[in-house]
Amino acid sequence: MSLWLAFLGGLAAGAAATAGVGLWWDRVRHRKMGRFFSHAAHEINTPITAINITTMNFLSGVFGDMAPDQVKWMDMMCEQVGRLNGMVGELRDLIHLMLSRDLSLQTESVVSADLVEEALSAVRRRPNTTQADVSAELPPELPRVRVDRNRTVRTLTSLVFHARKFRASGDLRLTGQLRGDRVALCLDYAGHPMPPGEVRRSLELLYPASRAGHTLNAVGLGLGVLRSIARCQNGDLDMTVAADGRTRLTLSLPVSPR
C-alpha cells in the first residue's frame, strides 16, 4: 500500500512540475510574441507617419496650390491615414493587454473640453472647420479628468468613426456631464435597432472574432478594446440602443483630484 501511495505521490509531483514548466514557458512565449508584434506595429507606424506628413504639407500649401477636386481627395487621405494610425495604436494596446500584459499608461490632469476639441480635429476635413455632421456641446463647468491624453483622444476619435459607420441618418451630437466622480462624454446618433444581448456582446474585447452577429456592429478593432483601455484608467465605456435605434456611446472618465 505504501509503495502505491509513493507511486501516486511521485506521479502527482511530476505532473505538478510539468504543469509548472509548461506555465512558465507559456508566459515566456506570450511575452516574446507581445514584444514581436508590438515591434511590428511600431514599424507599421513609420510609413504611416511619413504619408501623414506629406498629405499635411500638400494641404498646407507647402508644394503649391492644388486644384479643388484634388483637395477633397487629399482631405480624405489625411483623415483615413489618421484613422489607420489610431487603429495601429489600438492594436499595440491590445498586444500589451493580452500578450505582454505590460500596458503602460501616462496619466495626467486634462481639461475635458480639450480632449473633445483634439478628437474632433482629427475628423476635420479642412483646417479650422468642423465636419457638419459632428457637434459638441460641453458645459464650461466640467471638471478636469485624469487620463492618458493620447489614448483618450484616440478613443473619442474611434467612437466618432463608429457612429458615422452605423448611423441610419442625421448628425452626431457629443455632450458632457458630471456623474459623481466621473465625467461622462456621450455621443448620440440615430442608429439601427439591436437586441440587448448583441449590444452587450459588442462591448466584449474580442467581439470582432465572434462567428456571427458582428459584421454590422464593429469598426476597426471594435468597441471592446476601447472599453478595456478606458477601464485601465478607472473609466468605462457603455453603449445603449433604444427600440427605435437611437444609440448612445458613453465614455466615462475619472475626475482629476483637486
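**Reading the labels**

Author: Happy to. Let us begin with N234, which is exposed, with a relative accessible area of 55%. Please keep in mind that this is a predicted model.

Reader: What makes N234 count as exposed?

Author: The label exposed asks for a relative accessible area over 50%. N234 has 55%, so N234 is exposed. This residue sits in the loop between α6 and β6 (236-241). N234 also has a positive phi of about 65°, although it is not a glycine.

Reader: And A230: how do you know whether A230 is buried or exposed?

Author: Buried means under 20% relative accessible area. A230 comes out at 5%, and therefore A230 is buried. A230 belongs to helix α6 (residues 223-232).

Reader: Which residues is A230 in contact with, leaving aside its neighbours within four places in sequence?

Author: They are G235, D236, L237 and L251. Being in contact here means having heavy atoms within 4.5 Å. There is also a pairing across the sequence to look at: A230 and T152 are 78 residues apart along the chain, while their C-alpha atoms are 7.7 Å apart in space.

Reader: Why is S252 called buried?

Author: Its relative accessible area is 14%, and the limit for buried is under 20%, so S252 is buried. You will find S252 in strand β7 (residues 246-254). Leaving aside neighbours within four places in sequence, S252 is in contact with R182, V183, A184, G235 and D236. G235 and D236 are also among the contacts of A230.

Reader: What makes S135 partly exposed?

Author: S135 has a relative accessible area of 31%, so S135 is partly exposed. Its place is in strand β2 (residues 134-137). Not counting residues up to four places away in sequence, S135 touches L172, R173 and L174.

Reader: Let us step back to the whole chain. How many helices and strands does the chain have?

Author: The chain has 6 helices and 7 strands. From the N terminus on, they run α-α-β-α-β-β-α-β-β-α-α-β-β. Buried residues make up 38% of the 258 residues. As for the surface, the chain exposes about 14,800 Å², and carbon and sulfur atoms supply 58% of it. Among contacts with a separation of 6 or more, 70% join residues 24 or more positions apart.

Reader: What makes α4 roughly antiparallel to α6?

Author: Their axes cross at roughly 155° and come within 10 Å. Since angles over 145 degrees count as roughly antiparallel, that makes α4 roughly antiparallel to α6. This crossing is left-handed. R151, T155, S158, L159 and H162 of α4 make the contact with L223, L226 and I229 of α6. By class, there are 4 nonpolar, 3 polar and 1 charged residues.

Reader: Which residues make the contact of α2 with α6?

Author: Helix α2 (residues 68-100) and α6 have axes that come within 10 Å and cross at roughly 65°. The pass of α2 by α6 is left-handed. The contact is made by E90, D93, L94 and L97 of α2, together with V225, L226, S228, I229 and C232 of α6. These residues are 6 nonpolar, 1 polar and 2 charged. L226 and I229 also take part in the contact of α6 with α4.

Definitions and conventions: Residues numbered from 1 in each chain as written. Predicted model: local features only at pLDDT ≥ 70, side-chain atom pairs only at ≥ 80, totals over all residues. Heavy atoms only, no water. Helix = DSSP H or I, 4+ residues; strand = E, 2+ residues; numbered from the N terminus. Buried < 20%, exposed > 50% of the residue type's maximum accessible area, 1.4 Å probe, protein only. Areas by Shrake-Rupley, 256 points an atom, 1.4 Å probe, with all protein chains shown as cover. Axes fitted to C-alpha atoms, helices over the stretch in contact; angles between N-to-C directions. Parallel < 35°, antiparallel > 145°, perpendicular 65-115°, else oblique. Left-handed = near helix turned anticlockwise from the far one by under 90°. Nonpolar A, V, L, I, M, F, W, Y, C, P; charged D, E, K, R; others polar.
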